[in-house]
Every structure is written in structure tokens, then in C-alpha cells.
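The sequence and structure come first, and the questions follow.

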Amino acid sequence: MSTNAMRGIRRKKSSLSEVKIAVLGAPGVGKSALIVRFLTKRYIGEYDHQAEQRYRNEILVDGEAVLFEILDTCNKNLEAVPSPEVISWADGFLLVYSITDRQSFNWVKRVRLHICERKVSGRVGGLSGATTLTPVPPMQSGGMGGDVSPTLGPPMVLLANKADMVHLRQVSTEEGEILAKDVECYFSEVAASEHVVQVATAFHEVFKEVQNVRKRSKTSLLDRVLGSKATKIYVRGKSDSALPKD
Ligand SMILES: Nc1nc2c(ncn2[C@@H]2O[C@H](COP(=O)(O)OP(=O)(O)OP(=O)(O)O)[C@@H](O)[C@H]2O)c(=O)[nH]1
């Protein structure tokens, strides 16, 4: 292979965007079904797993190749909250509830606050005993961890699953919309059993939200480090000499 071709490959690899997404929800809301739908476009009704699973897949988002690392969490009960390791690891969260299960909606509301608290304070590791989730080894805290600026909420998307079961509905669409407005996040009602595009869109939205937060974090870090000088450097540009020297 020519050197130029190899350089091309390297460049491509280094420019590949990556995102780590933790899919969170109460037991049985359809987390695995949604992930499998997203990754394979297929629906698997009965998916039996007793532990967390991690998937890595390259997927195109608006024509750009993105490496999705997705954690399928496994909740044993409604009292469980995501472990500090999971919260620290993830760049973004897909919060799932079922429209047929009011308790799963309440779970999402509670866990959303829990994540915000931990992500912003960066107090990762101090929750021992307060969780029943097992971290996946070797999970490194490659996510935004405590690096998220206190002014930025952790990237989240709210997904209501089992929208095909309207006859058993316990949570109205409006309630989902109100929560999403409060969180300022993308919201959609889907059925893993029926929808391909809508499910994929929800995952894409998590990635886009992560990218937005990354950009905003970079800008605010630059502002903090350089203060007003950052603006000056930017303003000066090429016609530096035309500006007063401080
Ligand atoms: N009708 C309907 N059933 C669904 C849908 N999505 C998932 N299910 C069913 O809901 C049940 C639970 O789905 P899972 O994907 O295992 O849910 P989970 O959240 O991963 O479950 P745990 O890992 O046990 O927490 C299964 O019987 C699925 O077939 C959906 O969109 N519509």
C-alpha cells in the first residue's frame, strides 16, 4: 500500500467520531429491543440476558461515520440506580420508559436527577452500596465524567417505548413532552416492535447532543483559560497590525 493511501486511512481513523451511550430504564421497558433494533434493524421479542452488555458499531449519522459504543444496562428492580461507573463512563444517556408502565416513568424522572447531580459534581465513586448495577470491566471513565461544565446538563434523550400498546397506556404523551421540556432534551414515543427510523433517530440525537455539549465545553474552557484574550485573539486574525497593541 502506498504511503499516501496509508496516510488517508490514518486520517480517516483519527477523524472518526466516537460516542458512548448508556441506555437506562426500569426493568422490561424494552432497552435491549431498542438497541437490537438500532444496531440490526431487527426486532427480537425475547432477549434473555442477566448482565450488562456492551456493543460497538460504526454507524452513519448524516453521512458521517460514528463509532457507537452502547451499554445495555440490566436493572433487577425499581430501586436500582445507575452505578457511578456507568454514569462516569457514558458520554450521553438514552432514558427509556414504557408508556404502559407508570412506575418506569417515575424511575426515569428520579434517575435523571441522580445523573445530573453526579455528572455535574463529578463525585464519581462515592455511591458504594447505593446501587445494584455491576460495572462492566474493563470500563474506563472515558466519558465526560466530572469534566462537564456545571452550566451544561449531561446529554440526554427521553424515549417512550411500546407506543404500539396504546390500549394499555398509563403515561400520556403530554407527560413525556413536559418532562422533556424540563430536561431540555429530545423526546419521542416509539415502538421497538415496529419502528426502525424513529428508534435510530433517538440514538442519533444522543450523539448530536453529545457533540453539542463537547463543542460548548471546549468554548467555555477556552473562555475560562484565556478570558478576554480569547476574544482578542479571535478578533485580530490576519489584520493583527490594524488593531491597537493592548
Ligand atoms: N408490545 C411491545 N413490546 C415490546 C416492545 N419493546 C420491547 N417489548 C417487549 O418487552 C419485553 C422486555 O423487553 P426487553 O428488551 O428485554 O426489555 P429490557 O428493558 O431490556 O429488560 P431488562 O433487561 O430485563 O431490564 C419483551 O417481552 C419485549 O418483547 C415494543 O415496542 N412493543
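A residue is called buried if 20 or more other C-beta atoms lie within 10 Å of its own, exposed if 12 or fewer, and partly exposed in between, with C-beta atoms placed from the backbone. This is a predicted model, in which local features need pLDDT of at least 70 and side-chain atom pairs count only at pLDDT 80 or more, while totals for chains, interfaces and linings use all residues. Residues are numbered from 1 along each chain as its sequence is written.

Reader: Is Lys-162 buried or exposed?

Author: Lys-162 sits in the loop between E5 and H5. Its phi is near 65°, a positive value in a residue other than glycine. With 25 other C-beta atoms within 10 Å, Lys-162 is buried.

Reader: And Glu-184, is that residue buried or exposed?

Author: Glu-184 belongs to the loop between H5 and E6. Its phi is also positive, about 60°, although Glu-184 is not a glycine. There are 9 other C-beta atoms within 10 Å, so Glu-184 is exposed.

Reader: How many helices and strands does the chain have?

Author: Helices (H or I, at least four residues) and strands (E, at least two) are DSSP runs, numbered from the N terminus. Along the sequence they follow the pattern α-β-α-β-β-α-β-α-β-α-β-α-α. The totals are seven helices and six strands.

Reader: What is the order of the strands in the sheet?

Author: Two strands pair if DSSP finds at least two bridges between them. Strands of a sheet pair through backbone hydrogen bonds, either parallel or antiparallel. Here the pairing is mixed and the sheet is open, with six strands in the order E2-E3-E1-E4-E5-E6.

Reader: Which strands stand at the edges?

Author: An edge strand here has a single partner strand, so one side of it is left without a neighbour in the sheet. The twist of this sheet averages 25° from one strand to the next. The strands at the edges are E2 (53-61) and E6 (186-189).

Reader: Which residue in E4 is the bridge partner of Ala-22?

Author: Strand E1 covers residues 17-25 and strand E4 covers residues 92-98. The two run parallel and are joined by five bridges. In E4, the partner of Ala-22 is Phe-93.

Reader: Which residue in E5 is the bridge partner of Leu-95?

Author: E4 and E5 pair in the parallel sense, over six bridges. In E5, the partner of Leu-95 is Leu-158.

Reader: How many residues of E5 are buried?

Author: Both faces of E5 are covered. Met-156, Leu-158 and Ala-160 are buried on one side, and Val-157, Leu-159 and Asn-161 are buried on the other. The number of buried residues in E5 is six of six.

Reader: Which hand does the crossover from E5 to E6 have?

Author: E5 and E6 run parallel and are joined by four bridges, and Ala-160 stands opposite Glu-189 in E6. A crossover is right-handed if, with the strands pointing away from the viewer, the path from the first strand over the helix to the second runs clockwise. The chain passes from E5 through H5 to E6, and this β-α-β crossover is right-handed.

Reader: At what angle does H5 run to E5?

Author: Axes are lines fitted to C-alpha atoms, for helices over the stretch in contact (C-beta atoms, placed from the backbone, within 7 Å). Angles run from 0 to 180 degrees between N-to-C directions. Helix H5 (residues 173-183) lies across strand E5 (156-161) and E6, and its angle to E5 is about 175°.

Reader: Why is H2 described as largely enclosed?

Author: The buried residues of H2 include Lys-31, Ser-32, Ala-33 and Leu-34. H2 is largely enclosed by the rest of the structure because the buried residues number seven of the 10.

Methods
Two residues are in contact if their C-beta atoms, placed from the backbone, lie within 7 Å.
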